[in-house]
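The sequence and structure follow.

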Amino acid sequence: MAAQTVASTTDSTTSSAVDLGPAAALTCRECGHRVPLGPVFACEECFGPLEIAYDFSSYDTEELRKRIESGPANIWRYAPLLPVPADVADKPNINPGWTKLVQADNLARELGVDAGKLFVKDDSGNPTHSFKDRVVAQAIEAARAFGFTTLSCSSTGNLAGAVGAAAARAGFRSCVFIPHDLEQGKVVMAAIYGGELVGIEGNYDDVNRFCSELIGDSAGEGWGFVNVNLRPYYAEGSKTLAYEICEQLGWRLPDQLVVPIASGSQLTKIDKGLQELIKLGLVEDKPYKIFGAQAEGCSPVSVAYKAGHDVVRPQKPNTIAKSLAIGNPADGPYVLDIARRTGGAVEDVNDEQVVDAIKLLARTEGIFAETAGGVTVGVTRKLIENGLLDPTLTTVVLNTGDGLKTLDAVAGSGLTATIRPTLESFRDAGLG
Ligand SMILES: *Cc1c(COP(=O)(O)O)cnc(C)c1O
């Protein structure tokens with residue numbers, strides 16, 4: 001299961017008229033069936049999920065490395081490895097990526113990790129302050145190639161904002177769907193770009209089900225749903241996290257990565273990206289471990305991992321980590337496969353530990369993470385305590401969003417004291 005395909009040949013039966021660079025075809029992740037590039041996401045043979053297969057056969061390693069290094073300071077430096085046309089950097093796009101890889105020595109000290117070994121990949125620095133800009137930037141290029149004029153999605157919040165912004169910049173109409181009870185920061189962020197924003201009475205899985213129905217109805221005709229009918233293209237955006245981490249480490253693979261899981265797409269594509277870099281000779285071929293992180297209140301993958309199951313039993317989410325609150329994660333079985341194959345694990349932390357970890361990261365490294373970052377930092381701490389993560393090895397922890405979007409999670413934080421504007425008052429408060 002979850003065989004990762006790096007196609008080396010394009011056969012004539014699957015060649016396609018659309019120009020999406022090195023993307024050669026769609027292949028089924030279950031049965032390997034190949035179809036031409038198009039806005040489809042499920043295999044016609046077995047209903048398995050489709051993903052992009054590439055033709056990288058013409059690449060010379062050193063030339064490719066030079067081309068990447070001289071490229072723009074955003075994800076398009078990796079255009080030769082993505083389903084986008086070669087001139088993608090000239091099109092109107094919000095150009096995410098090339099976010100900071102922070103060497104987190106203060107956090108390392110607190111967690112008992114060796115100095116110089118712990119890094120935080122801080123994706124709060126993207127245009128709409130979450131990792132979702134990476135995947136939407138890909139989806140919008142596919143939408144252009146397939147002639148869609150309306151962009152849509154089902155979202156736990158961050159995706160809605162990313163779609164709104166990317167659509168505004170690229171001149172698409174957008175209409176996105178979210179659970180009606182999301183954090184205010186995410187609702188405002190999604191609404192501000194001027195697209196249509198619809199709250200659905202239900203949780204994310206209800207929203208997702210509704211979008212699947214809409215796609216089959218005339219009301220959704222001509223719509224590109226970034227995470228449904230454009231999902232194979234969208235998903236590839238997560239590979240850029242793997243590319244950036246390795247390039248920022250000096251073209252080295254980290255030994256361990258701690259990655260958040262919502263649908264599990266990001267984690268599986270980070271693995272795909274690392275495998276590609278190895279096959280292309282851009283990094284040395286050595287083992288790495290991928291650890292998945294969930295919140296206890298929505299931990300279907302972690303529960304399945306610990307029980308030794310291959311299938312993921314859906315849950316009804318109840319956690320402050322709403323960006324990760326997908327109770328029926330599409331890529332769950334593939335995540336289990338990768339965690340087991342690489343020697344990683346899947347772990348979860350409760351909401352209190354999420355909040356503690358947000359505060360820990362903020363006070364040690366000056367990074368204000370959203371709840372998803374609290375999940376990965378909290379899980380990292382737990383994995384070290386459990387002895388599953390080796391504190392002597394190079395470890396990258398992902399922060400995928402900005403704390404300003406989930407202020408409610410840390411609502412207790414506030415003033416140290418309120419004083420009159422006098423020195424006496426300052427001293428009386430015990431501050432001088
Ligand atoms: C969407 C999201 C993720 C990961 O989502 P996947 O569905 O697993 O790819 C991680 N962090 C944040 C903040 C997100 O919004």
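## Nonpolar cores

The largest nonpolar core in this predicted model has 85 residues, and those with the most contacts inside it are Leu151, Ile270, Leu274 and Ile290. A nonpolar core here is a set of buried Ala, Val, Leu, Ile, Met, Phe, Trp, Tyr and Cys residues joined through side-chain atoms within 4.5 Å. Buried means under 20% relative accessible area, exposed over 50%, and partly exposed in between, using a 1.4 Å probe and protein chains only. At least three residues of this core come from each of domain 1 (100-129 + 236-410) and domain 2 (132-234); the domain bounds come from an automatic or database assignment.

Not counting residues up to four places away in sequence, Ile290 touches a set of residues including Leu257, Val259, Leu267, Ile270, Leu274 and Ile338; contact means heavy atoms within 4.5 Å. A second, separate core of 36 residues includes Val102, Leu111, Ala293 and Leu360. In soluble globular proteins, nonpolar side chains tend to be buried together.

Residues are numbered from 1 along each chain as its sequence is written, and side-chain values use heavy atoms, with hydrogens and water left out. Local features need pLDDT of at least 70 and side-chain atom pairs count only at pLDDT 80 or more, while totals for chains, interfaces and linings use all residues.

## Ligand site

There are 15 residues around the ligand, of which Lys132, Ser263, Gly264, Gln266 and Thr400 come nearest; a residue counts as near if one of its heavy atoms lies within 4 Å. An N or O atom in the Lys132 side chain is 2.8 Å from an oxygen atom of the ligand. On the backbone side, a polar atom of Gly264 is 2.8 Å from a ligand oxygen, and an N or O atom of Ala262 is 2.9 Å from one. The ligand taken alone exposes 390 Å², and the protein buries 97% of that (Shrake-Rupley method, 1.4 Å probe).

## Thr319

Thr319 sits in the loop between α10 (300-307) and α11 (332-342). Thr319 counts as buried because its relative accessibility is 10%. The side chain of Thr319 makes a polar contact with the side chain of Asp351 at 2.8 Å (a pair of N or O atoms within 3.5 Å, one able to donate a hydrogen and the other to accept it; residues adjacent in sequence count only if both atoms are side-chain atoms). A polar atom of that Thr319 side chain also lies 3.0 Å from the backbone nitrogen of Ala321.

## Helix α8

Helix α8 (residues 239-248) is largely enclosed by the rest of the structure, because 9 of its 10 residues are buried. Among them are Lys239, Glu244 and Glu247. Gly250, with a positive phi near 80°, follows α8. Helices are DSSP runs (H or I, at least four residues), numbered from the N terminus.

Definitions and conventions:
Helix = DSSP H or I, 4+ residues; strand = E, 2+ residues; numbered from the N terminus.
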